[in-house]
Amino acid sequence: MAKLLEVTDLEQYFDLNTDFLSKLAFEKGRLVKKERIVKAVNGVGFSVGRSEVFSIVGESGCGKSTVARTVVRLLEPKGGRILYDGKDITSLSRTGMLPFRKKMQMIFQDPYASLNPRQRVADILTEPMLFHGVVRSSAEAKEKALEILNRVGIRPEQASRYPHQFSGGQRQRIGIARALAVGPEFIVADEPVSALDVSIQAQILNLLMDLKEEFSFSYLFIAHDLSVVKHISDNLAVMYLGRMVEKGSKAHIFGNPLHPYTLALFSAIPRISGTTMRTGRNLEGEIPSALDLPPGCCFHTRCPRALPLCREVLPEEKEIEPGHFLSCHLY
Amino acid sequence: MNDTLLEVRNLRTYFHTFKGAVKAVDDISFSVGRGEILALVGESGGGKSVTGFSLIRLIEEPGVIESGEILFEGRDVMKLSEREVDRLRGKEISMIFQDPMTSLNPVYTIGRQIEESLLLHTRLNREERRKACHELLHSVGISNPESRLKAYPHQFSGGMRQRVVIAIALAADPKLIIADEPTTALDVTIQAQILRLMADLVRAKNRSMILVTHDLAVVSEMADRINVMYCGKIVETGATRAVIDKSAHPYTRGLIDSIPDLDRDRQRLKAIRGIVPNMFDLPKGCNFAPRCACATEFCSAHEPELRELGVGHFVACHFPLVVQNGEEVRSHGETA
């Protein structure tokens, strides 16, 4: 089956010093040119099949949100290729992207910042419909908006309210409704539940899964919480410092995790059953700065099993078992 | 039983706003023993942070501690003068706040901020204070304290800042630490580091801790006893395993079921329906009745009192859940 989204060798850099003057710095009495580049994503490749949920997990600063934003071209990729439904969208112009924008929609993390406070909820939904021409008249758009709002659990009489009149969970429902408005087939959800209370989080996760069943969406799901990911994903990747260190199906990653970083993530998760986290091995240290990536394997500075080789050579991605990819010298 | 360090009786903290009074903490009583970690759990708006702040009288206008006794080592904190409370804060009871970005002063060095606490609460001289700062940073796992003490908060990562906040909280060797969502802003691997650190420090010195959090999984790993709070009231309290494994209040059960847990594999999460009620307009009777799957008319008319189910396990529910042979059964006793 053809993949809906295929990403190869994706790279994303951010230059912190955008103008020429700020690149100059005095060092030992001499004026030198210094680049300060954050290497957020370094050669990431993955694919998402139709009606599949692909998740990317990792800690803050690992580049997972940057991948999401680059894939939908909210950020211009600095390298690599993005194929959507077999078509290369890596360097399409703004107008060239338009038909794809309709098919790819995004749900953002912060339901407070991602809705325009001056727009009524109904307008938030009808604007993209009218823009993309999925409806013929504003009356039709209004009708459709109410229908979608109803589907996500917002009552029709609430449609003329402003975002600040809703709770966090309701706002996230509105954010989901906005993504649904133009009838997408691929949804990028960037930490959609991490800002919500646990009981609301469960409601939103259930809603996302119900919608997937109903409309057979594909999701690219970004999360930092492995237990949330386990709940919803078909396939997933674990990211660390801009690289995917382990990638595979849910059964691979949760049944047979191999990369030392994946194992460390598992042992760090607090569980209802208690005691695992407190007795487990501590992962020492912190994530190195993406401004100054360590040579060799990006994880060697914190890895409890690092070999001398790890400090020098970047591990290649290997297929350990069919569909289970790993970048580690230990295997 | 270990002896009691802190006992709270009938604490009420209300916020008087233009829209009316919000009963953020409404008549709660609990105690903390020496060497014990007590958790306050619940969703946002449950009153757990306000409870924490009330204990050291850090409640500002329009909030007022309406009534109650806060007995710390037998002394009632409510009856102390402002100066006496000042001597208590930081020295006897210290606090760790949620956001390490905002709880440190950006214009002072880390060293000065740790030293301040020592200056206020101990009689060490300058040289001893410097040594104590080193030891504190070392104990919270910050390497080469020499150069770190001269650094400013912005030069630290979130996890490091939270370590510094913990170091400050521990500086005067307090008897009770109130930690308000200490790891919510941190990544999981860093969270695990910090939680292990806090548990070790508390246990090693037989200190007590009140852990305020919304994360039941963190609580199961850390706490000895749990208070589950909903709408300003304690709805269930007891030993950690009793509350988690034999939770009797439908709200506690709902919270546990709505967490995706690695040990369980389910296709759908059991969510609690609805949202936390508006605090200006609390429902009649049981606050949880509108969201409860098994509420009856009786629940919406009568407010349940806390009653004892097992040893030290209390629940405020007319129809507590009972676990029998691993199956949940609704008890049909004493309805009215």
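## A sheet in chain B

Two strands pair if DSSP finds at least two bridges between them. With that in hand, let's look at this predicted model. In chain B, strand E4 (residues 63-72) and E5(B) run antiparallel and are joined by 2 bridges. One residue pair to look for here is B:Phe72 with its bridge partner in E5(B), B:Arg75.

These strands belong to an open sheet of 4 strands in chain B, ordered E2-E1-E4-E5 and paired in antiparallel fashion. Strand E2 (20-33) and strand E5 (75-76) of chain B are at the edges with a single partner strand each, so one side of each has no neighbour in the sheet. Helix H1 (residues 48-55) of chain B lies across strand E1 (4-17), E2 and E4 of chain B, and its angle to E2(B) is about 70°.

## Where the chains meet

Chain B gives 36 residues to the contact, and chain A gives 34 residues. On the side of chain B that touches chain A, helix H7 (188-204), helix H8 (216-222) and helix H10 (250-257) of chain B each give two or more residues. H7(B) provides the largest share of that side, with 9 residues. Sorted by class, the side of chain B that touches chain A holds 18 nonpolar, 10 polar and 8 charged residues.

## A helix pair in chain A

Now over to chain A, where helix H4 (residues 138-152) packs against helix H5 (residues 168-181) at an angle of about 135°, with the axes 9 Å apart. That angle makes H4(A) oblique to H5(A), and the crossing is right-handed.

From H4(A), A:Ala145, A:Ile148, A:Leu149 and A:Val152 meet A:Arg173, A:Ile176, A:Ala177, A:Leu180 and A:Ala181 of H5(A). By class, this contact of H4(A) with H5(A) has 8 nonpolar, no polar and 1 charged residues.

Key:
Residues are numbered from 1 along each chain as its sequence is written. Chains are lettered from A and ligands numbered from 1 in the order in which they are written. This is a predicted model: local features need pLDDT of at least 70, side-chain atom pairs count only at pLDDT 80 or more; totals for chains, interfaces and linings use all residues. Two residues are in contact if their C-beta atoms, placed from the backbone, lie within 7 Å. Axes are lines fitted to C-alpha atoms, for helices over the stretch in contact, and angles run from 0 to 180 degrees between N-to-C directions. Ala, Val, Leu, Ile, Met, Phe, Trp, Tyr, Cys and Pro count as nonpolar, Asp, Glu, Lys and Arg as charged, and the others, Gly among them, as polar. Angles under 35 degrees count as roughly parallel, over 145 as roughly antiparallel, 65 to 115 as roughly perpendicular and the rest as oblique. A crossing is left-handed if the near helix is turned anticlockwise from the far one by less than a right angle, and right-handed if clockwise.
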